[in-house]
Amino acid sequence: MVQKIKNFIRKYFLYSIKSTINTLYLPIIIFFIAVSGWVSSMLATAQIEENAYKNVNDTIFQTKNYLDYMLSDVFQQLVSVSSDPKIINLVGTKESDIKPEYYVDIDRSLQLVYSRYNVILESVLIDLNEEEFLLYHSDYTSNPTVPYDYYFDKFKGSNEGFYWRNIHEDKIFNTNDQVMSVFRLIETSNKGIVLFNLRDEFFEQVLNKSLIGENGYLALISPDGKFESKNVKKEYKLDRNTLQTIQKLDKESGQFSYESAASEDMIVIYDTIEANNWKLAAVVPQDEMLNKVNYIKHSTVFFIILMIVSAIFLASIVGKYISKPFEKMANQMRSINEKSLSFYDETSGPEEMKILHNGFKELLTKSQNLMDQIRLEQEEKRQLEFAIMHAQINPHFLYNTLYSIKGLCDMGLNKDASQMVIALSSFFRIGISKGREIIPIKDEIEHIKHYLFIQEMRYGDDFSYEVDVEQDILACNIIKLSLQPIIENAIYHGVKQKRGLGKITIKGYECEGDIYLEVADNGNGIEKNKLAEIVKELDVSFQEKKSFIGIGLKSVHERIKIHFGKQYGLTIMSEPGQGTVVRITIPKTKGEINGDV
């Protein structure tokens, strides 16, 4: 019986190569297609869910950091203004005893804060002794009235008297606008208040920059209320119980889900703003966040069935195609075995084996050449890393700047010295960029503005500069420290060599999908022969000795090519007596990219 079964199998399933392939391999292929499809579906589903949550978490993190930065700045200004001894001493002072210069000094401080932070501040106000001393700055001209009883009855518990208030109607200035506010209540011998009203438009713009679905939104939640970034349908809004749950959360960050009154599954991901301990929460419908998961599952089943049918059809064709040359191949193998063992020599055997041998040998040769090239590129990258470090920490520049600051201090120009210190710290802060190689053009422009400010303070009226960069490209990516070496060359080899006032112009614009940044000076220019040598040295190997360009220009040129492609880099244009223009060409890119060298 067993023998009959074996004979039956050999006769109908294993009688030829084609039938053997179909019998043995098709079940295996079908099994692995099904398993691979199922595993791929599960992995893809898990990855999509992970990415969806990660994207929302990243949105929360970035938005929180920006709000924290802005609100902390505003709060520090409030602390600074409200802690001014002049203001504290005025509490309880009669209006007739207040000197006019007090009004002038305090109003100047208030105006400085209002103008500097106008993007977020709608109005600022100092009211002491129940309107006996009143100063304010606002977009409106109406005379404000502070409801002292309301504020001093409702807001209690802070030792220092600082409070935050979520979105509410601006009844102090009677504008009918919605504002948020941060204020300090002063209560000594008399009462006073220092209040900053924050624009609701600012928070709408910041929160609405983050797109988290059609019905998803961001909300600022505080103990006294909530501010939602956009209007959504009622079933997607936070109900009272969920709002109270978020207000009572002790964890700084986390996530949870709940079912809305309309039986809609909702996901809440939140983090805490350190400036005022408010919660920044993303509220997203679960189906909307994971809408691609079901699509992938259905698509996977369809493709598994399609691949199985295709595998059966193709296996039949391939089996037929493979079986034809086998007889001829067997005869060749038989004849070679009969003649000699020369088949095993690398120069003998079938033509296919020679092709495989030669192809493998050629592949090894190419692999070796590729490894040599990779080692060379790695060496060049290490050289470039050294160049970056050299550009980031320039002892000569730092020494000269600190010496200039000392000179200003010696001359009693403390304000100018302070500005140079701020510019120097910002210069190195942006230069470091938390180790990132790729930064927004906006940061690079800020970096060179600090550099030019320092140089302008050092050299006085020897040169001036102008920065004209299109707003649309400020969010695009650039290699950090790209402009500073070029501007340094423009100063030392351009305008400083010119008699009379020198000028440096920095322009930035987009053209046909690429971004162009130009640094132009009105110096003496470069002779044609020397310019040709400079252009030639830009493209030679990093290790070759160079006579006309320094490590800064070469580093910028090579780093741009490594990150963005060989078609990008520096272009130098100059005419003797007409000045020099150095142009950076990069592609228009935004968002996170790998910036490691």
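The legends below describe close-up views of a predicted model.

**View 1. Buried and exposed residues of helix α7.** Helix α7 spans residues 240-247, and its buried residues are T242, L243 and I246. These residues lie on the same side of α7, because the arc they cover around the axis is only 100°. R240 and N241, on the other side of the helix, are exposed. The strands against which the buried residues of α7 pack are β6 (217-222), β7 (225-228), β8 (254-259), β9 (265-272) and β10 (279-285).

**View 2. The N-terminal end of α7.** The cap at this end of α7 is D239. A side-chain oxygen of D239 is placed 3.2 Å from the backbone nitrogen of N241. N241 itself is exposed.

View 3. Helix α16 covers residues 551-564 and contains H557. The relative accessibility of H557 is 3%, so H557 counts as buried. Leaving aside residues up to four places away in sequence, H557 touches L538, D539, G569 and L570.

**View 4. The aromatic pair Y66 and F202.** Across the whole structure, a search finds 19 aromatic pairs. In the pair formed by Y66 and F202, the ring centres are 6.2 Å apart and the planes are at 35°, so the pair is tilted. Distant parts of the chain are linked here: Y66 belongs to helix α2 (residues 17-82) and F202 to helix α6 (residues 200-208), with the two 136 residues apart. Y66 counts as partly exposed because its relative accessibility is 37%. F202 has a relative accessibility of 4% and therefore counts as buried.

**View 5. The aromatic pair F155 and F183.** The rings of F155 and F183 form an edge-to-face pair, with 4.9 Å centre to centre and 80° between the planes. This pair also links distant parts of the chain, since F155 is in the loop between α5 (148-154) and β3 (162-169), while F183 is in strand β4 (residues 178-187). The two residues are 28 residues apart. Both F155 and F183 are buried.

**View 6. The ring cluster that includes F155 and F183.** Y150, Y151, F155, Y163 and F183 are linked into a cluster by ring pairs.

**View 7. K191 over the ring of F152.** The charged end of K191 sits over the F152 ring. The distance from this charged end to the centre of the ring is 4.8 Å.

Conventions
Residues are numbered from 1 along each chain as its sequence is written. This is a predicted model: local features need pLDDT of at least 70, side-chain atom pairs count only at pLDDT 80 or more; totals for chains, interfaces and linings use all residues. Side-chain values use heavy atoms; hydrogens and water are left out. Buried means under 20% relative accessible area, exposed over 50%, partly exposed in between (1.4 Å probe, protein chains only). Helices (H or I, at least four residues) and strands (E, at least two) are DSSP runs, numbered from the N terminus. The arc is that of the directions from the helix axis to the C-beta atoms. Contact means heavy atoms within 4.5 Å. A polar contact is a pair of N or O atoms within 3.5 Å; within protein, one must be able to donate a hydrogen and the other to accept it, and residues adjacent in sequence count only if both atoms are side-chain atoms. Rings of Phe, Tyr and Trp (its six-membered ring) pair if their centres lie within 6.5 Å; planes under 30 degrees apart count as stacked, over 60 as edge-to-face and the rest as tilted. A charge sits over a ring if NZ of Lys or CZ of Arg is within 6 Å of the ring centre and within 35 degrees of the ring normal.
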